[in-house]
Amino acid sequence: MMVDGIDAVGSGSRHRSGPVGVVIAGGGLRATSILRLLSEVEDLRVVGVYDSSPSAPAVRLAEDLGIFVTTQADDLAQIEGLDLILDLSEDPAVSRSLSERHLPGVDIITGAGTELVWDLLVAKKRSEEQEKIFVELQVAYDKIRSHERQLQASKEALERANAELENRLAEIFFTHEFFKALTVFSTVDDVASLVVDGANGILGAEISCVYLFDQETWTLRLLASQGRPDEWFRPVVPVSQTILGAAFRDGFTQQADVPQGSELAQWVSEPDEIRSQTAVPLRSGDSILGVLVVAWTTPRELDVAERDRLQVIANQSSLTLQNALLHEELERLSVTDRLTDLYNHGYLLQRLEEELGRAARFGHRLSVIMMDIDDFKQFNDTYGHPRGDQVLKAVSGIIRENLREIDVAARYGGEEFVLVLPETDAEGAARVAERIRETMEAHEIEVDHAGARDRRTVSLGVATYPLHGQTVARLIDAADRAMYEAKRRGKNTVVVAR
């Protein structure tokens, strides 16, 4: 059936399955273009090209594509699988010839129908090209997005690396300044304060503190702290308790997540506030000087690098702390009487001068007690000097028991002692002197290996600034004369200067 127009397309009597077999009649440029387009369409198969000229463009293309070509219209009836003829010849004779053959089951499209086929194929081609461009654009967009994500990730990684580098540089600078300062600081308190500063600055600790080991009491005493008021920390902790004791005993100790009520956190008044803590001993050789603790109010575990930095802080601090302790010990020995452990004569005069100046500036009273052990030479002659030394030590102990922190006690020479009592009038000083006298009178001293005991008494003279003297020399002289008056009154007596 020959049709002319859109409605005619597909109106034939095709009943078999498979691709539609198409023959193109005509070999011009339009036929050539349609041949190219149809060769790309699925479910269509160009089974032949018919044109009277064997050199027509469409015929040559068909030969290149391996498609059957013919110059005889009669040959079309021999083509197997022919369903449709597109008449693009624009030759009425060809159209008439095709129509007259009445090929069974074959539709013929000509005229406007071929125009419609052409338009549909062009539209399909453009749609495919647009779809291809869209896909290519989508691929390009995906690549751009991927590159953007990679750039963003690289940027974020670079920013993190930069921030880490800045932090590291700041830490190195702080650490350098910290260790440089350690070489400058010389007092124990200054060193301890610097250590807690360094622990907070280098490790970012919220809370830090240094406890110093007291070998006599086997305790750890708070030396410096940061992050909380001093009263928040226990001033004295036995070495067997808390994380301080664990570090003292076992070395580096860490609790990354401190459970509520943990005994290890009992070194502060509010242990439940501590959520993570680390302690490290401060060592000097085989000796432990103290313990450094850092803590946070959130769970936190030090990584390997942080642990190493904490250990470096502890090691460097230990050396400086040891030097500071030795320095203070040397200073103490230079002003201390070795036998009685009280201050020596030189330090007494220096402190008395300072205290007198302070009393003069603020209009306060200041008293001096001159004390002498009664019949001490006789005691030495009877029991020997080693026993006499025991008496001197006993006297120094009794003196310390009866004085305040602000008072100064010194061995003036031989068996004589001088006590300086700032902000104390004569009456108050006399009461202190009387307590010492009574305590000494009741104190028994072992004088031989058999357990025999003896007692010594003391005579004391009291003088008060400004009543009895306004200079060091006059005040001591007044107290000395009062002490000799006590001797004259029979010893074991307290006399206040007149």
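Is Arg-437 buried or exposed, and at what relative accessibility? Arg-437 is buried, at 11% relative accessibility, where buried means under 20% relative accessible area, exposed over 50%, and partly exposed in between (1.4 Å probe, protein chains only). The model is predicted: local features need pLDDT of at least 70, side-chain atom pairs count only at pLDDT 80 or more, and totals for chains, interfaces and linings use all residues. Residues are numbered from 1 along each chain as its sequence is written, and side-chain values use heavy atoms, with hydrogens and water left out. Helices (H or I, at least four residues) and strands (E, at least two) are DSSP runs, numbered from the N terminus.

**Salt bridges**

- The structure holds 31 salt bridges, a salt bridge being a side-chain nitrogen of Lys or Arg within 4 Å of a carboxyl oxygen of Asp or Glu.
- Arg-437 pairs with Glu-441 in one of them, with the closest N and O atoms 3.3 Å apart. The two residues are 4 residues apart in helix H11 (residues 426–442), so about one helical turn separates them. Glu-441 is partly exposed at 33% relative accessibility, whereas Arg-437 is buried at 11%.
- Asp-381 and Lys-377 form a salt bridge with an N to O distance of 3.0 Å. Both belong to helix H9 (residues 376–383), and because they are 4 residues apart there, the separation is about one helical turn. Asp-381 and Lys-377 are both exposed.
- Glu-40 and Lys-125 are joined by a salt bridge whose closest N and O atoms lie 2.9 Å apart. This pair links distant parts of the chain, 85 residues apart: Glu-40 is in the loop between helix H1 (29–38) and strand E3 (44–50), and Lys-125 is in helix H4. Glu-40 is partly exposed, with 43% relative accessibility, and Lys-125 is also partly exposed, with 25%.
- A network of salt bridges links Arg-351, Glu-354, Glu-355 and Arg-358.

**Helices H4 and H5**

- Two packed helices are described by the angle between their axes and the distance between the axes.
- H4 packs against helix H5 (residues 188–203) at an angle of about 170°, and the axes are 10 Å apart. Axes are lines fitted to C-alpha atoms, for helices over the stretch in contact, and angles run from 0 to 180 degrees between N-to-C directions.
- H4 and H5 are therefore roughly antiparallel to each other; angles under 35 degrees count as roughly parallel, over 145 as roughly antiparallel, 65 to 115 as roughly perpendicular and the rest as oblique.
- On the H4 side, the residues that meet H5 include Glu-171, Phe-174, Phe-178 and Leu-182. Their counterparts in H5 include Val-191, Leu-194, Val-195 and Ile-202. Contact means heavy atoms within 4.5 Å.

**Surface**

- Phe-134, Val-135 and Val-139 make up a nonpolar surface patch with about 270 Å² of accessible area together. Patches consist of residues with over 30% relative accessible area and no salt bridge, where like charges are joined within 9 Å and nonpolar side chains (Val, Leu, Ile, Met, Phe, Trp, Tyr) within 5 Å. Accessible areas come from the Shrake-Rupley method with a 1.4 Å probe, and for residues only the protein chains shown count as cover.
- Phe-134 sits in helix H4 (residues 112–182) and is exposed, with a relative accessible area of 52%.
- Glu-216 lies in the loop between strand E7 (207–214) and strand E8 (219–226), and is exposed at 79% relative accessibility.

**Around helix H9**

- Asn-380 is part of helix H9 and is buried, with a relative accessible area of 11%.
- Leaving out residues up to four places away in sequence, Asn-380 touches His-385 and Gly-388.

**Backbone geometry**

- Most residues other than glycine have a negative phi, and most peptide bonds are trans.
- Asp-375, which is not a glycine, has a positive phi of about 50°. Asp-375 is in the loop between strand E13 (366–373) and H9, and is partly exposed at 32% relative accessible area.
- Glu-423 also has a positive phi, near 55°. Glu-423 lies in the loop between strand E15 (416–422) and H11, and counts as exposed at 55% relative accessibility.
- The peptide bond joining Tyr-465 and Pro-466 is cis, with omega about -5°. Pro-466 is in the loop between strand E18 (458–465) and helix H12 (472–488).
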